[in-house]
Amino acid sequence: MSEEDAAPAGAPDVAAAGSATGLRIAAPSPEHAGEMLTVQRAAYVTEAQRYHAPHIPPLRETLQEITADLAAAGPLLVARAAWLGPRLVGSVRGRVEGEAMEVVRFTVAPDVQGGGVGRALLTALHAAAPPTVGSFWLVTGGRSDDNLRFYGAAGYQVTGRVVDDAGVELVRMERHLDGRAASHR
């Protein structure tokens, strides 16, 4: 393995996901927070434009909040990031509460969307969940057709709709590991 193929410093638990394309998935460290924030803003600005809502929560999150999240990673917060060469191109966090994990701040750099990065990240997050987790849930924009198709293909089902404080219609989706039907919460 060349130095270019080595995992980024501070990114333990490298998975071989997408090794043929040079994609590496690992647990990011607090030092990666700035790169994660950059990708997050790039990814979510298109969502904000779609809904004419420039103040959606992912665009309000600060570097300090992401750094704190990564520093607190452990059994109740799982984080994964994706690198193409030295470049961080995506990330996702999962918050565990009881037997469920909320998938949050799932981002892929706009110029690499559609290339399998998101699928690899979501698979890695699911695999990294503690064994007590029996279901995953998330929210996405109600008019974000690509997101709805992506999550549906990953086994998520729509379980509800709500309008957030920015006026954006959100769709709640769930995925159960034991094949149970998604519950409406």
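This is a predicted model: local features need pLDDT of at least 70, side-chain atom pairs count only at pLDDT 80 or more; totals for chains, interfaces and linings use all residues.
A quick word on ground rules: local features here need pLDDT of at least 70, side-chain atom pairs count only at pLDDT 80 or more, and totals for chains, interfaces and linings use all residues. Residues are numbered from 1 along each chain as its sequence is written, and side-chain values use heavy atoms, with hydrogens and water left out.

**Salt bridges**

Side chains of opposite charge can pair when their charged atoms come close. Taking a salt bridge as a side-chain nitrogen of Lys or Arg within 4 Å of a carboxyl oxygen of Asp or Glu, the count comes to 9.

| Glutamate 47 | Arginine 50 | 2.8 Å |

For burial, the cut-offs are under 20% relative accessible area for buried, over 50% for exposed, and partly exposed in between, with a 1.4 Å probe and protein chains only. Helices (H or I, at least four residues) and strands (E, at least two) are DSSP runs, numbered from the N terminus.

Glutamate 47 and arginine 50 sit 3 residues apart in helix α1 (residues 33-51), about one turn of the helix. Glutamate 47 counts as buried because its relative accessibility is 12%, while arginine 50, at 36%, counts as partly exposed.

Elsewhere, shared partners join Glu61, Asp69, Arg93, Arg95 and Arg105 into one salt-bridge network.

**The largest pocket**

On a 1 Å grid over the protein atoms alone, a pocket is an open set of points where a 1.4 Å probe fits, with protein on both sides within 12 Å along at least five of seven lines; lining residues have an atom within 4 Å of a point. The largest pocket holds about 1100 Å³ of space, the volume being the space filled by probe spheres set on the points. Its lining has 41 residues, and Tyr44, Phe106, Thr140, Asn147 and Tyr151 lie nearest the centre. Elements giving two or more residues to that lining are α1, α2, β4, α4 (117-128), β5 (135-141) and α5 (145-153).

**Aromatic pairs**

Rings of Phe, Tyr and Trp (its six-membered ring) pair if their centres lie within 6.5 Å; planes under 30 degrees apart are stacked, over 60 edge-to-face, and the rest tilted. That rule gives 4 aromatic pairs. One of them is phenylalanine 106 with phenylalanine 150, tilted, at 5.8 Å centre to centre and 55 degrees between the planes. Phenylalanine 106 lies in strand β4 and phenylalanine 150 in helix α5, so the pair ties together parts that are 44 residues apart in sequence. Phenylalanine 106 is buried at 13%, whereas phenylalanine 150 is partly exposed at 26%.

Phenylalanine 106 also makes a tilted pair with tyrosine 151, 6.1 Å centre to centre and 50 degrees between the planes. Both phenylalanine 106 and tyrosine 151 are buried. Ring pairs link Phe106, Phe150, Tyr151 and Tyr156 into a cluster.
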